[in-house]
Each structure stands twice: as structure tokens, then as C-alpha cells.
Amino acid sequence: MTGVAIAGIGTAGFGRFEGEALASLADVALSRALEDAGLQRARIDGLVSHIGSPRGIDYDELALLLGLRVRYAAQTWEHGRFGATVITTAAMALAHDLCDYAVCIAAYANSLFARIGTAGGVGFREGMREGGGPHAEAPHAGMAAPIAGAAMSTRRYLERYGIDRDRLGAVAVAQRRAAERNPLAVMREPMTQTDYEASRFIVEPLRLLDCSVPVDTAAAVILTRDDRARDLPRPPVHLLAFQGIHAGPGEFIFGRPGLGINQADDDDWRPLGADEPVFRRAGVGPADVDTLHCYDGFTSQVLWTLERFGFCGPGEAADWVQGGRIELDGELPVNTSGGHLSEGHANGWGHTLEIVRQLRGEAGPRQIDGVRVAQWATTLGDSIIYGRERV
Amino acid sequence: MLEITDFPGSGDPSHLLPRATRLNEPYFAGLAEGRLRLQRCTACGHARYPVAPACPRCATSGGRWDELAGTGSVHSWIRYRRSYLPEFEPLMPYVVLCVALDDGPRMVGRLARAGGDPAIGGRVRAVVERLPSGRHTLAFR
């Protein structure tokens with residue numbers, strides 16, 4: 001138990017909002033989260049911002065423009081990978097009495113910038129970092145855009161385990177089916193495996209329908225300690241346990257340990273499964289997870305996350321996801337809002353809102369029966385396990 | 001010695017290289033001479049890339065610059081079907097390889113010849129491409 005719970009959520013939705021100020025989007029998300037939590041704005045005394053300027057909005061500007069007077073503020077690097085880190089930073093601040101009601105805000109617009117991966121696009125200059133880009137970009141070799149690192153890892157994975165590349169389609173189709181039932185999703189047109197296989201290559205071996213859909217959005221998540229959450233109107237969604245992003249020569253955002261991608265080791269790595277620290281601390285194992293939500297900039301990331309957290313063995317995920325297993329009525333519903341692939345690439349915030357809805361029983365036509373435990377996890381090893389009850 | 005050829009794309013992609021520093025100077029000076037020079041750890045013998053102050057395998061600081069053969073095998077590869085960089089547009093659709101060097105780490109570079117799908121495990125050798133600015137980058141053929 002972390003002693004911290006989510007008390008309210010709000011979003012301005014997902015789409016192209018070119019004419020809107022980021023502060024306006026953030027204000028909509030915050031107002032909805034406050035209404036959901038039954039709190040006045042003046043009660044917020046902690047703020048953690050995810051994506052800063054220029055794509056997003058910095059913590060100081062948020063506080064100034066939204067009228068927040070906080071005694072704890074923090075902010076992360078602009079990448080989507082820090083979504084869960086933002087939430088756990090707020091949780092740690094709450095646990096240490098640095099604030100009593102913390103709001104996490106992610107507000108950003110992709111539509112203001114050139115296409116991701118091109119000059120003027122978000123994060124383009126990071127490709128020229130001294131150690132290489134954050135997705136292994138090497139633009140001087142022609143290797144630009146996050147998709148390049150994902151494609152390189154996907155090829156390696158498919159070759160290593162002898163997997164037909166179109167098996168990835170099961171992930172795209174499953175998430176689209178869920179998105180059809182989500183009015184917030186930007187991609188709700190029905191999609192079949194045939195549609196998937198007809199979609200064009202962007203960077204081989206990845207097709208257009210392997211890629212997430214960039215959107216503009218704002219989301220707000222209000223957290224407080226369990227004792228305070230109990231007095232608020234909505235059922236608290238408890239953070240049962242969490243663990244952070246792993247980093248080092250053995251880690252790469254695309255893939256999982258042992259895959260031999262980028263400079264990571266190429267070995268016979270095995271997942272820890274129920275011994276993974278986040279599972280041990282939560283007192284549950286992979287078999288107890290009722291719904292998994294994971295970072296899905298590209299379809300293959302879902303497979304790697306399933307393997308990393310021991311839902312299946314190394315090289316098995318492409319088979320494991322077939323036959324509807326990760327669909328709404330399957331054994332392990334995954335990314336039930338449609339995720340980045342179909343709801344829109346909201347850097348994990350759409351997933352987090354969906355986890356809260358599922359655990360509260362508010363997911364409407366997407367509601368999974370009897371959800372007690374939901375997990376957020378990524379290929380970088382970070383995870384939050386959420387529960388409806390304290391365990 | 002590695003073959004040195006002119007960058008076959010359009011304009012000058014030098015602005016896409018990492019900034020030149022005292023740390024990476026021997027690497028780029030090596031390329032200019034047609035040599036692939038990387039740091040090799042004096043404790044564990046691991047040759048590393050990217051250029052770094054410490055060994056990623058055993059964390060020992062320092063290391064000595066060593067010349068590598070530049071031969072290796074294809075570990076993975078991708079092919080661009082959408083253009084992101086104007087300098088590489090005339091080369092579309094081009095292939096970028098991840099190569100496991102025989103005597104060193106994995107490195108990426110464009111496949112500097114046209115052709116069909118590369119084979120995983122296929123043999124390649126490093127070549128140097130000279131950019132209009134006088135800086136250099138690594139490719140494979």
C-alpha cells in the first residue's frame with residue numbers, strides 16, 4: 001500500500017485543438033477533475049506537470065494562469081514515458097506531507113509543430129544528443145523519428161523468434177474494437193486484420209496502423225492520501241504499489257531486457273513475473289491483474305510489456321494476443337480506451353483515466369465485469385498497480 | 001582503411017551530427033582518415049559506442065582508442081518509406097542497418113548501396129561518407 005489514491009479525473013478530450021490556448025485546455029481538464037473530486041480549486045496545494053513548454057505548459061505558468069497556489073511543484077522532461085513518474089512523484093509528495101491534494105496535469109498540443117521526426121517536429125533536436133536520440137535516433141545516418149528505433153527493435157524481435165510481422169495486427173484490431181465504444185477516441189472506424197495488412201509501410205517493418213495517433217489534449221488527475229480520499233464523493237482508486245523507470249545500458253524504450261537492441265544485452269533474460277517488485281509490494285501477481293494498460297506508441301510495445309511483466313514468456317506475446325485474448329471480453333483486456341493507437345497518443349493519460357473509470361465501474365459499454373486490480377506498465381519497467389479496495 | 005566516398009544525398013546533413021567535443025574528437029578524426037576508432041575498456045576489453053567517459057559493461061572510467069576492422073553482420077534493419085529528412089530524400093526508399101561489429105559493439109549506418117532486403121546475419125563492412133562541411137559519418141556496404 002502506498003497510502004495514496006486518485007480522487008478525481010478530468011480531460012479536455014483528444015483531437016486537434018489548434019486555436020485553443022494550452023491553458024484553456026488545462027483549465028477544462030482541471031475544472032472537470034475538481035468537480036469529479038468534489039473539491040474547490042483552492043484546496044489544491046501540490047502540482048506536478050508532465051509536458052513542459054513549448055509543446056506543453058510549464059508548472060509555473062500552470063499555477064499562474066489557473067490560479068493554483070501550491071506548496072509543492074515538480075515537472076518532468078517532455079517525453080510521454082514520464083506519465084506514471086508524474087503520478088508517483090505526486091504520491092511521494094503526498095506521503096511526505098509536502099501537500100494534501102496534488103493535481104497532475106498534462107496539457108500539450110502536437111498540432112502546433114511539424115510532423116514528429118522532421119525538422120521543427122517535437123523532440124527533433126534530441127536526435128543529435130551526444131549519446132544518440134531518446135529513441136535511438138541517429139539522423140546523420142538517416143535514422144530519424146521515434147518510429148525508427150521501434151522499427152529496428154521490431155525487426156530484431158520478429159527475426160529472433162520467427163514471428164510473422166502481421167501477427168502485430170491483433171494488437172491494433174483489439175484496441176480499435178475497444179475504441180469503437182469510446183466516444184472520446186479519435187479513431188472509431190471499425191478496423192479488421194485485412195485493413196491492417198493493407199495499411200502502408202511507414203518505416204519497414206512497421207505499418208501506419210502499427211503507429212499511434214498524435215493528438216492535442218489536456219488531462220488532470222487529483223490525488224490525495226487514503227484518509228482524505230474516503231471523505232470525497234467518488235470511490236477512491238488506490239495506488240497499491242509502484243516502481244520507477246529503469247535506465248542504463250541494458251534498457252531501451254523499444255524492446256525489453258535481453259532482446260539485444262540498441263546497446264542492450266542479447267541474452268536469455270526471463271521475466272520476474274510475480275517476483276517483480278511492483279507485484280510483490282502490491283501483493284498480487286500477473287494472474288491477478290484484471291486489465292492491463294501499457295504505453296503503446298507502436299503495437300510491438302504492447303507485446304514487449306506483456307513479456308517484461310511476465311504475462312507470457314519471451315517471444316510468446318505475438319501468439320498470446322491472438323484470438324481476442326486482449327479484447328474487452330478476453331482473458332486480459334488491454335488498453336480498453338483504445339490507447340494511443342486508437343483513442344489518441346495522450347502519453348499514458350488516456351490510459352490512466354480509463355483505469356480509474358474501470359475500477360469505479362464507470363466505463364460504460366467498455367466496462368469489464370468485476371475489475372479489482374488494474375495495472376499500468378511500460379517497456380521501461382515502470383508500473384503502477386491500482387486497486388478498487390485496499391489490499 | 002575504410003573506403004571514403006562523398007555523401008550521395010542532397011545538401012549537407014552535418015547539422016544532424018552530434019556536436020563535436022573533446023570526448024568524441026578521436027572518433028571523428030578517425031573517420032576523416034578512413035579509420036573506425038572506438039574506445040576499448042582497459043579493464044574488461046569491451047569496445048563501446050556511443051563515445052562515453054565510462055565502460056557501459058563494467059563502469060570503468062577511461063579506456064584507450066582502438067582501431068576496429070569495420071566488418072560485421074546485420075543485426076537488424078529498417079527501410080524508410082516515408083521521408084523525414086530532406087538531405088536523404090533522393091535516397092528514398094533507403095535502408096538503415098544495425099550492425100554487430102565483429103570486434104566491437106552494434107552501430108547503425110545507412111546501407112550505401114541499392115538492392116533488395118538485407119539478410120539478418122549478412123556480412124557488411126563500414127565505409128565513411130564525407131559531408132560537404134568536411135565532417136564524416138559512418139555507413140555500410
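Biologist: How many residues of chain A are in contact with chain B, and how many of chain B with chain A?

Modeller: This is a predicted model, where local features need pLDDT of at least 70, side-chain atom pairs count only at pLDDT 80 or more, and totals for chains, interfaces and linings use all residues. Residues are numbered from 1 along each chain as its sequence is written, with chains lettered from A and ligands numbered from 1 in the order in which they are written. Two residues are in contact if their C-beta atoms, placed from the backbone, lie within 7 Å. By that rule, 28 residues of chain A meet 29 residues of chain B.

Biologist: Which element gives the most to the side of chain A that touches chain B?

Modeller: Helices (H or I, at least four residues) and strands (E, at least two) are DSSP runs, numbered from the N terminus. In chain A, β5 (201-204) and α4 (146-161) each supply at least two residues of that side. The most, six residues, comes from α4(A).

Biologist: Which residue is the bridge partner of E204(A) in β5(B)?

Modeller: Strands pair if DSSP finds at least two bridges between them. β5(A) and β5 of chain B (residues 71-80) pair in the antiparallel sense over two bridges. For E204(A), the partner in β5(B) is R79(B).

Biologist: What radius of gyration does chain B have?

Modeller: The radius is taken over C-alpha atoms, and the globule rule is 2.2 Å times the number of residues to the power 0.38. Chain B has one helix and nine strands. For its 141 residues a compact globule would have a radius near 14 Å, which agrees with the value for chain B, 15 Å.
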